[in-house]
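Reader: I have the sequence and the fold open side by side, and I would like to go through how the pieces pack against each other. Could you take my questions as they come?

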Amino acid sequence: MSTAKGPISQFIEKNYLHFNAAALVDAAKGYETHLTEGGKMMVTLAGAMSTAELGISLAEMIRQGKIDIISCTGANLEEDIMNLVAHSHYKRVPNYRDLSPQDEWDLLENHYNRVTDTCIPEEEAFRRLQKHIHKIWKDADTAGERYFPHEYMYKILMSGELEQYYEIDPKNSWMLAAAERDLPIVVPGWEDSTMGNIFASYVIKNEIKATTMKSGIEYMAWLADWYVKNSEGKGIGFFQIGGGIAGDFPICVVPMLYQDMEMENIPFWSYFCQISDSTTSYGSYSGAVPNEKITWGKLDIDTPKFIVESDATIVAPLIFAWILGQ
C-alpha cells in the first residue's frame with residue numbers, strides 16, 4: 001500500500017477483505033488505476049444522494065479533478081442546493097420506520113417532505129430556490145434563449161444571489177464545486193423533480209415556453225458529442241451510484257453511437273462500478289449484473305467490472321476517501 005494513503009484508506013485495506021467489503025476495495029483500486037492511466041470518469045447519482053449529503057465527499061472529488069462528468073436525477077441537482085440554503089430547517093426523523101399514515105400527514109401539513117429519515121422544508125428549500133430560479137428562467141424566455149437544467153442552476157449559483165442563505169460550509173456543496181469548474185452534467189428526466197414540476201406549472205400557465213428548457217434528447221445529443229471527443233486513450237469510466245435513469249440514460253450513449261450512428265470504432269466504457277442495494281432481480285436494470293451490459297454493447301468482455309451491493313451512503317464516501325488518499 002502507498003504510504004500516501006491516510007487513516008481511512010489504511011483501515012479499509014486492513015479490514016475490508018471479503019464479500020461486499022472486498023468488492024469496495026477492488027472497485028476503489030480500479031477507479032484509481034483508471035485515473036492513473038489517463039482515463040476519465042463519469043459518476044452517476046440516483047436516488048436522494050444530495051439529501052444524504054454526499055456533497056461532503058463528492059465536492060472534494062470534483063475539486064481535485066477525480067470526476068470529469070456527472071449524470072444525475074433532477075432531484076439530486078436541486079437538493080444539493082436546497083441543503084446549501086436551508087440546512088438548519090431540515091428535520092431528521094430517525095424513527096421513520098414507526099411513522100403512521102397520520103404522522104406522515106402531519107409532516108405534510110407542516111410543509112415537510114420526507115426522504116427516508118430526512119424531511120426537506122418546503123418554504124425554506126423549494127420556495128426559496130423557486131423565487132430566484134424563476135427570474136433566471138423568465139429572463140431567458142424573454143430573451144429567446146435556451147439552456148439545460150443544470151446550466152440554469154449554475155447561473156443562479158455563480159450569480160451569488162443565494163449566498164445570503166448559505167447554511168453549510170460551501171465547500172460541502174457538490175453543485176457549487178461543479179459550477180465553479182463548469183463541470184459537464186447531464187440530467188435525464190429532469191421534469192421528474194420539484195423544480196421540473198414547478199417549471200411545468202409555468203408552462204401550463206403560459207408564463208414560460210417549454211422550449212426555454214433544453215430537453216433530454218438534446219442532452220443525449222450533447223453527451224454523444226462529448227463522448228466522442230473524450231473517449232480516446234484510456235477512455236471513460238462509469239461509476240454508478242444507485243440505478244435508474246441517472247445510470248441507464250448515459251450508459252446507452254455507447255450503443256447508440258455504435259449501432260445507430262454506425263460509428264464502428266467507438267470505444268466501450270473502460271471501467272464500470274455500480275453501488276446498489278437492489279439485489280439481482282428479474283427484468284431490473286438496477287439489479288442486473290454488469291455482464292448483462294455486454295449484450296447491450298455498453299461494456300466490453302474485458303472491461304473492469306465491479307458491483308458493491310450495499311448502501312451507497314456508506315460505500316461511496318469510503319471509495320472517494322480512498323481515491324482522495326484520505
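Reader: Let me begin with α2 and α14: is their crossing left-handed or right-handed?

Author: Please keep in mind that this is a predicted model. In it, the crossing of α2 and α14 is right-handed.

Reader: And at what angle do the axes of those two helices cross?

Author: The axis of α2, which covers residues 19-36, crosses that of α14, residues 312-323, at roughly 45 degrees, and the two come within 9 Å. Angles under 35 degrees count as roughly parallel and 65 to 115 as roughly perpendicular, and α2 and α14 are therefore described as oblique to each other.

Reader: Which residues meet there?

Author: On the α2 side they are L24, A27, A28, K29, Y31, E32 and L35, and on the α14 side they are V315, L318, I319, W322 and I323. Sorted by class, this contact of α2 with α14 has 10 nonpolar residues, 2 charged ones and no polar ones.

Reader: Okay, now another helix pair. How do α4 and α7 cross?

Author: Their axes come within 10 Å, with a crossing angle of roughly 20 degrees, and that makes α4 roughly parallel to α7. The crossing of α4 and α7 is left-handed. From α4 the contact takes L77, E78, I81 and L84, while α7 contributes P149, H150, M153 and L157.

Reader: What does that contact look like by class?

Author: The contact of α4 with α7 has 6 nonpolar residues, together with 1 polar and 1 charged.

Reader: Changing topic to α8, how many of its residues are buried?

Author: Of the 8 residues in α8, which spans 174-181, 6 are buried, so this helix is largely enclosed by the rest of the structure. The buried ones are W174, M175, L176, A177, A178 and A179.

Reader: What covers them?

Author: The cover over the buried residues of α8 includes the helices α3 (55-63), α4 (74-86) and α7 (149-159), along with the strands β1 (40-45), β2 (69-72) and β6 (185-186).

Reader: Since you mention β4 and β5, what is the strand order in their sheet?

Author: It is an open sheet of 3 strands in the order β3-β5-β4, and the pairing is antiparallel. The edge strands are β3 (91-92) and β4 (112-115), each of which pairs on one side only. Between β4 and β5, residues 118-121, there are 4 bridges, and R114 stands opposite C119 in β5.

Reader: Which helix lies across that sheet?

Author: Helix α5, residues 101-109, lies across β3, β4 and β5, and it runs at about 130 degrees to β4.

Reader: What about β8 and β9, are they parallel or antiparallel?

Author: Strand β8, residues 271-276, and β9 run parallel and are joined by 5 bridges, with Q274 standing opposite I307 in β9.

Reader: Which residues of β9 are on its covered face?

Author: In β9, which spans 305-309, F306 and V308 make up the covered face, whereas K305, I307 and E309 are on the uncovered one.

Definitions and conventions
Residues are numbered from 1 along each chain as its sequence is written. This is a predicted model: local features need pLDDT of at least 70, side-chain atom pairs count only at pLDDT 80 or more; totals for chains, interfaces and linings use all residues. Side-chain values use heavy atoms; hydrogens and water are left out. Axes are lines fitted to C-alpha atoms, for helices over the stretch in contact, and angles run from 0 to 180 degrees between N-to-C directions. Angles under 35 degrees count as roughly parallel, over 145 as roughly antiparallel, 65 to 115 as roughly perpendicular and the rest as oblique. A crossing is left-handed if the near helix is turned anticlockwise from the far one by less than a right angle, and right-handed if clockwise. Contact means heavy atoms within 4.5 Å. Ala, Val, Leu, Ile, Met, Phe, Trp, Tyr, Cys and Pro count as nonpolar, Asp, Glu, Lys and Arg as charged, and the others, Gly among them, as polar. Buried means under 20% relative accessible area, exposed over 50%, partly exposed in between (1.4 Å probe, protein chains only). Two strands pair if DSSP finds at least two bridges between them.
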